[in-house]
Amino acid sequence: MDASRELLRLIGGYQVSQAISVAARLGISDALATGPQTLAELAESTGADEQALARLLHALTALGLYTADDGSFANTELGAALRVDVPRSVAGWARFIGTGSYWQTYAALEQCVRSGETAFSIVHGEPVWEYRAKHPDEQEAFDAAMTSMADAVSDAVVTAYDFSRYESVVDVGGGHGRLLSGILERYPTIHGVLFDQPDVVAGADTERFQVVGGDFFESVPAGDALVLKSVIHDWADAESIEILRNCRRALPTDGRVLLVEQLLDRSPDPVRTALSDVNMLIMTGGRERTTDEYRRLLAAAGLTLVDTVATAGTTHVIEAAATH
Ligand code: SAH
């Protein structure tokens, strides 16, 4: 192996991320959804400078997102996955990561690692949730990003975990309710409740479920199953225990708290999970955890880990019951 060359390839990751993010924001893959286009057509339909776009497309073609034959560009399988209207689209996430406060925060990774402080707060002067509440554009882009990620995870969770024994399910910190919709699609008789910050649930499509706005540090709506997907990993242990205690309070006898998270010790994609942990370090002050760390966290909130169920994706369903 040529170590320097391999390292340079890894170092270039920032260029790849930004190139794909711009492709998503310009909507290149969407423009190619109906068939190949010439450079001039693509420049016209995406509103880009033709010569600059040609160079971006050259790079994206080399990366395997597009093909260029006889002067016209087409989606490959990779490129098509960047369309907004395909199942398990990652377009929302690609758009989000390359821009605004998110991209700027990565520049403060060094400060974060040296000081142990959350990079987001160093750069923006306040925690990420407060910042986004004041910046509706970013809130909207983040919610769309999470919804697009939830798309990929929702099917895997609903296939792997049996919700049939529950009459009611609360999606705690559920964003726009993508996972909840997936659960209700498969189990139409379940009563669904979406719970998130008032500003966030205001953007949800509320036809299929009840919507409650609030603060999970104060209380959580009651339900047979309280699902928290990608929520606990946002928080340090002390805050996580507070949220879980409120879940414990809202839990009927035989109810279950279901965490949908990656597990550091059992991830099928250890690189992705470890990088997700770095992401939590710099963005939210939270962390990814091992099975034992979740067991201890749950115990501190009066909950006993009863099962972990692997899904087809990188997440597990961590099932907990009230400790007797
Ligand atoms: N479960 C969703 C969203 C995860 S992101 C998904 O996986 O797609 C974390 C969510 O926690 C965000 O939607 C955020 O608005 C919500 N959240 C953060 N602080 C909150 C609080 N104090 N009370 C309720 N929800 C909160």
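Let me start with strand S10, residues 316-322: 7 of its 7 residues are buried, so the strand is largely enclosed by the rest of the structure. Buried here means under 20% relative accessible area, exposed means over 50%, and partly exposed is in between, with a 1.4 Å probe and protein chains only. Strands are DSSP runs of E with at least two residues, helices are runs of H or I with at least four, and both are numbered from the N terminus.

Before going on, this is a predicted model: local features need pLDDT of at least 70, side-chain atom pairs count only at pLDDT 80 or more, and totals for chains, interfaces and linings use all residues. Residues are numbered from 1 along each chain as its sequence is written, and side-chain values use heavy atoms, without hydrogens and water.

Now the partners of S10. Strands count as paired if DSSP finds at least two bridges between them. Strand S8, residues 256-261, runs antiparallel to S10 and is joined to it by 5 bridges. Strand S9, residues 303-310, also pairs with S10 in the antiparallel sense, over 7 bridges. S9 and S10 form a hairpin, with 5 residues between them.

Which residue in S10 is the bridge partner of leucine 259? That is isoleucine 318. Threonine 308 stands opposite isoleucine 318 too.

Next, helix H1, residues 3-11. Leucine 8 lies in this helix. Leucine 8 has 58% relative accessibility, so it counts as exposed.
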